[in-house]
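Subject: Structure for you to look at

Hello,

Here is the structure I said I would pass on. Please open it first, then read the notes below it.

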Amino acid sequence: MLALDKKDTTLFLIVLAAVIFAPFLLNPFPEGSELAQFNAGYPDLLQRFLIFGIFAIGFNILFGLTGYLSFGHAAFLGVGSYAGVWMMKLLTMNVVPAILMSIVFAGLFSLLVGYISLRRSGIYFSILTLAFAQMSFALAYSVLTPITNGETGLQLALDDPRVLGVSQVNGSIPPTNLFGLPMRESFELTMGGWVFTFNAGYYLCAVFMMVAFYLAIRIFRSPFGMMLRAVKSNQQRMNYTGLNSRPYTLAAFVISGMYAGLAGGLMVAMDPLAGAERMQWTASGEVVLMTILGGAGTLIGPVLGAGFIKYFENIFSKINDNILHQWFAFLPDGLEDALVFVIHPFIGKGWHLTLGIMFMLIVIFLPGGIVEGFRRLAQIGRRGTGGGKKSADAVPAPAE
Amino acid sequence: MDAILLQILNGLDKGSAYALIALGLTLIFGTLGVVNFAHGALFMIGAFCAVVLSRLLTLSSVSIDPEKVDFLGKPLKVETPYVELWFGPEVGAAIINWSVPLAILFAIPIMALVGLAMERGLIKYFYKRPHADQILVTFGLAIVLQEVIKYFFGANPIPTPAPDAFSGSFDFGAMIGMDPNVIIYPYWRIVYFLFAIGIIGAVFSFLQFTTFGMVVRAGMADRETVGLLGINIDRRFTVMFALAAIVAGLAGVMYAPINSPNYHMGMDFLVLSFVVVVVGGMGSLPGAVVAGFLLGILESFASMAQVVAFLPGINQIIIYLVAIVILLTRPRGLMGRKGVMES
């Protein structure tokens, strides 16, 4: 199907199903129950899963295939966001031109950065991309204030021209929409104790995400993708065979920059504002974490990693001492307090500590990320049951 | 002329910090071949050593003074730091006042332990792994260290003043025969600069004039041959890692009065220090030091009002811009050795 082989088709269909039914799947606990805080089925978080999933898929096309570790990808996301907001300020609140323009601008910017940075490789490449990203961050913060609105961040205003649309409706800024369908429109379905929310913006992201994912599969399986893998495994040998690898790596860089731009454009489509902190190097570090955590160089890994980090970021940072005390209430008081005391540094504001530790453990023991973890589990399972060759090809179901 | 001199002086303190961190980074890279993204965290831990010591010294015993009353008529509580009780009020007050320089002594064993623990506990296992893995694991470690410090000390900067004797400024211009009141320079910054020069000198003479240093230099040039001669080069490299940690830590201790320590100061410096290392030339110790001072001074020139008026925003990006230009024109950096991280 769709010019994919059987295995990839299965993977694609699983991801498609997971994305379509995510508002169901991620809301397993009834409303008002104690476990409802673990639900991830609300639009804001779901959108973030997909947007960062796209970002990480794009990053993986560069890092996973060519091995070039870029520490400045957030800059492209930021450029995309700014371009998107400007389209909404100047043209219309329809999200289509905003998203298109964010892809185009991020692509152009990544062409410039890539052209220069790819002259070097290894750690020098990382430093060059880092330098470019920090430069754009610093400039967006200070000198480019007329374009980026500096510290406050770029926002829509009532008196923006919006030549193809209307500046304001009844004294307020019109919502972002897709040909009249507002992005924040949701449909709520109540079934027993459960409330499922289906959000228009989420499904727009889902469409883009599936297209992005499909393109990534095609790139992975294409001769172009093979060439990129060759760059990773031995660039010197490629050069000796008389092949210039720079056009290929540059193409991969620009493609991944455009993915980042798409992610930035979608962020703007969901919530029309853009700030310089999106370009800071910690944001670039985050996408590196996502890709590694999920499994660099695998198709599904980056999506898993993005979902994993965004989910735990939301859930972990919500848990506080009171909730812990409730959980451990069945234990004797002294033990309860001791447990809460031990766990306390890792939850709430300490979420980054947990993330850092998890990340280190993954890099140390499981360099292939979550995907490799599943593969090993499957192997152990196969050995245990003593057969079932099929499970070897089984692709782990996406968590998001 | 005086404006130029002033900018050079202003660049010295930041330049010293860059040079010290970059020196440590290069030591680690040159000996162990590891790219240490957690080096900024070591700098930060050093700064927090100063905070911890000044808190330890001001631990107080609370006694009630029956003769004095507060405005509500209750007996006044008097807090007396233990050091003042033990050593008498004058000596005690002086010790508290000098807590930052004293923290140097306090930080050396701590940083050595942290460095040894890091190298033996984690980095040892990453010699054979690709550079990308080394970057990633030390990046994770940096996040962890940073968050641990944040958990114990909070997110706000903690002011850690210099001793009173160095707290003011002095008229540097008048000292060298220029018009008075043209070049006013804070004492502590000159102290920091001299301190950095001292540390750098100590590290270089350690490498140059001791047998241990000679072996280490030989190991940097050709690790295998040194190993074949029956010398345990790994143990010496571990010591060098601890030394690099101490250098970063001391840079942090002395930087505490200039910039109040906060948990993310390490990351801020790390990015710039990496740029410094690359500009200086990966693996070149003199390169790291020269590039550190050079970029610090350049940064301060770029933030002159006249320059900023001419090229707005240049002060924010000058270091990165220089790095990009150098990397593209002189791929090995200013003083890079041949064959080090060429690919």
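In this predicted model, start with two helices of chain A: the axes of α3(A), residues 43–66, and α8(A), residues 200–221, come within 9 Å and cross at roughly 20 degrees. Angles under 35 degrees count as roughly parallel, so α3(A) and α8(A) are roughly parallel to each other. Their crossing is left-handed.

Which residues make this contact? From α3(A) they include Leu46(A), Leu50(A), Ile54(A), Ile57(A) and Ile61(A). From α8(A) they include Tyr202(A), Cys205(A), Met209(A), Phe213(A) and Ile219(A). Sorted by class, the contact between α3(A) and α8(A) has 16 nonpolar residues, three polar ones and no charged ones.

Next, the contact between the chains. Chain B puts 31 residues into it and chain A puts in 34 residues. On the side of chain B that touches chain A, the elements that give two or more residues are α6 (131–153), α12 (265–280) and α15 (314–329) of chain B. Of these, α6(B) gives the most, with 14 residues. By class, that side of chain B has 24 nonpolar, five polar and two charged residues.

Last, a check on one helix of chain B. How far should α13(B), residues 285–302, span? With 18 residues at 1.5 Å a residue, α13(B) should span 26 Å, and its end C-alpha atoms are 26 Å apart, so the two agree. Helix α13(B) is also mostly covered, with 14 of its 18 residues buried.

Regards

How values were computed. Residues are numbered from 1 along each chain as its sequence is written. Chains are lettered from A and ligands numbered from 1 in the order in which they are written. This is a predicted model: local features need pLDDT of at least 70, side-chain atom pairs count only at pLDDT 80 or more; totals for chains, interfaces and linings use all residues. Axes are lines fitted to C-alpha atoms, for helices over the stretch in contact, and angles run from 0 to 180 degrees between N-to-C directions. Helices (H or I, at least four residues) and strands (E, at least two) are DSSP runs, numbered from the N terminus. Angles under 35 degrees count as roughly parallel, over 145 as roughly antiparallel, 65 to 115 as roughly perpendicular and the rest as oblique. A crossing is left-handed if the near helix is turned anticlockwise from the far one by less than a right angle, and right-handed if clockwise. Two residues are in contact if their C-beta atoms, placed from the backbone, lie within 7 Å. Ala, Val, Leu, Ile, Met, Phe, Trp, Tyr, Cys and Pro count as nonpolar, Asp, Glu, Lys and Arg as charged, and the others, Gly among them, as polar. The expected span of a helix is 1.5 Å times one less than its number of residues. A residue is buried if 20 or more other C-beta atoms lie within 10 Å of its own, exposed if 12 or fewer, and partly exposed in between; C-beta atoms are placed from the backbone.
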